[in-house]
Number of protein chains: 2
Amino acid sequence: MSEKHLQTGDALPPFGGKLRLFAMRFCPYAERSVLVLNAKNIPYDLVFINLDQKPEWIFNFSPRGAVPALEYEQGKGIFDSNVINVYLDEKYPEVPLQAADPLRRAQDKLIVENFSAAQSAYYTAAFNAQALQPSHLENYHKGLELLQKELETRGTKFLHGDQAGLVDYTLWPFLERFEALPLLGKSEYAIDKSKYDILLTYMESMKQVPAVKTYYLSADMHAKFTESRVKGDPNYNMLDSSAEVCCFRPRKKKE
Amino acid sequence: MSEKHLQTGDALPPFGGKLRLFAMRFCPYAERSVLVLNAKNIPYDLVFINLDQKPEWIFNFSPRGAVPALEYEQGKGIFDSNVINVYLDEKYPEVPLQAADPLRRAQDKLIVENFSAAQSAYYTAAFNAQALQPSHLENYHKGLELLQKELETRGTKFLHGDQAGLVDYTLWPFLERFEALPLLGKSEYAIDKSKYDILLTYMESMKQVPAVKTYYLSADMHAKFTESRVKGDPNYNMLDSSAEVCCFRPRKKKE
């Protein structure tokens, strides 16, 4: 797998017969589907795309060109991380990632929904800091408190249970990125040990889950990508060891 | 069932031992869950609430006080029409409303997702007409074309198949309200027979489905409610035959 992001004009790589996920290396929604594919041990190919100069063929799989998109059969796609992940879990039931009880499945979805205001706050803090309001910081911490309280109530290592499940893989990509906020000068967004001991223990456990570990990026990496995006020149290929252009040379501005 | 909407200060009616749905009579999202409960023949009580002066107890079932909310067990609730409806379909599997094939289930969800821009356009046209842009009208008709094309491709009476299913009950409340737009002076939002023959035949079939028929309101009724809401004084109880205040007397302004 190459970390290079394909862009307008680049050819669609030949279909290899496996499921194929279209993603962007730093996109938390795409990460959700990567983690589910990993956790379920489903063989797949991963294709990264440049979201500012999208290759033409992405629209065959995802009508608005959004990632993640899953090519489930040559030339045919579905999109939206939640739709893809439920599809994968139902289609490949060998490693089930959703709770067996319908009520628990509903409650897991509502945790994700109740956490969404914290995600929005993260986006504002990371990418649009001049629009930050006190309510963003409040929603962010409410989201963290909600997760911590839920972990405490459930009393399990992960929200899903003794093993991580869909609810954990859905929330994780945001928690991974939240740790970049203090590095971006947002110290009030730190996840402090004195307040979030249970949540931090959970986060350390998540980092050790094999499905997460192989795709995990450090807070420092996320901060670097965020800074490049805020400057208007997202460095999609910063992890690509084959890149011709390194970070310290002048880079072409986005057209 | 009373059509009266309970409000701040009103007591929560005693729990009757059945599932209880909290709704607002004119809310399309709440209607989604009403239709699913009806279609599955699940006994339930329906409680309408005033969304401008919410009764305090709604927050016990739905953290932001949004409807629909389902009291699945005395004092315990879940919310969000999609979460509620999948829960009901999984918990009460006797009348299954989702497709058996995981891919088809994913595709059904994507129809709903692709239709959402038409829903937003409807809201703007109905409630915030001064903000209308040409893109709203375009998205609205794109949504209608999408449904018609899908009906044509599938070649079944309903999107779900020979019987209506979750995908139909999820989309229907909006189609029901779309027919009010020409009555509100938005003639370019009409669903014209020359262009939408297949879609209109489908809509007529939906109106005959028992689950829909018992809850259906005419375009005229929806237009009247919409006008009252646009004026800033939503007439929640306009269908309540026991109402003391009729439409032609002066009504108290919202505080």
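Q: Hi! How many disulfides are there over all chains?
A: The count comes to 0 disulfides over all chains, where a disulfide means a pair of cysteine sulfur atoms within 2.5 Å. This is a predicted model, where local features need pLDDT of at least 70 and side-chain atom pairs count only at pLDDT 80 or more. Residues are numbered from 1 along each chain as its sequence is written.

Q: Is A:Cys27 buried or exposed?
A: A:Cys27 counts as buried because its relative accessibility is 8%. Buried means under 20% relative accessible area, exposed over 50% and partly exposed in between, with a 1.4 Å probe and protein chains only.

Q: And what about B:Cys27, buried or exposed?
A: B:Cys27 is buried too, at 9% relative accessibility.

Q: New topic: which domains is chain A divided into?
A: Domain 1 covers 19-91 and domain 2 covers 102-213; these bounds come from an automatic or database domain assignment.

Q: How many residues does the contact take from each?
A: Domain 1 of chain A gives 14 residues and domain 2 of chain A gives 13 residues, with contact meaning heavy atoms within 4.5 Å.

Q: Which residue forms a salt bridge with A:Arg177?
A: A:Glu31 does, and the closest N and O atoms of the pair are 2.7 Å apart.

Notes:
Chains lettered and ligands numbered in written order. Heavy atoms only, no water. Salt bridge = Lys/Arg side-chain N within 4 Å of Asp/Glu carboxyl O.
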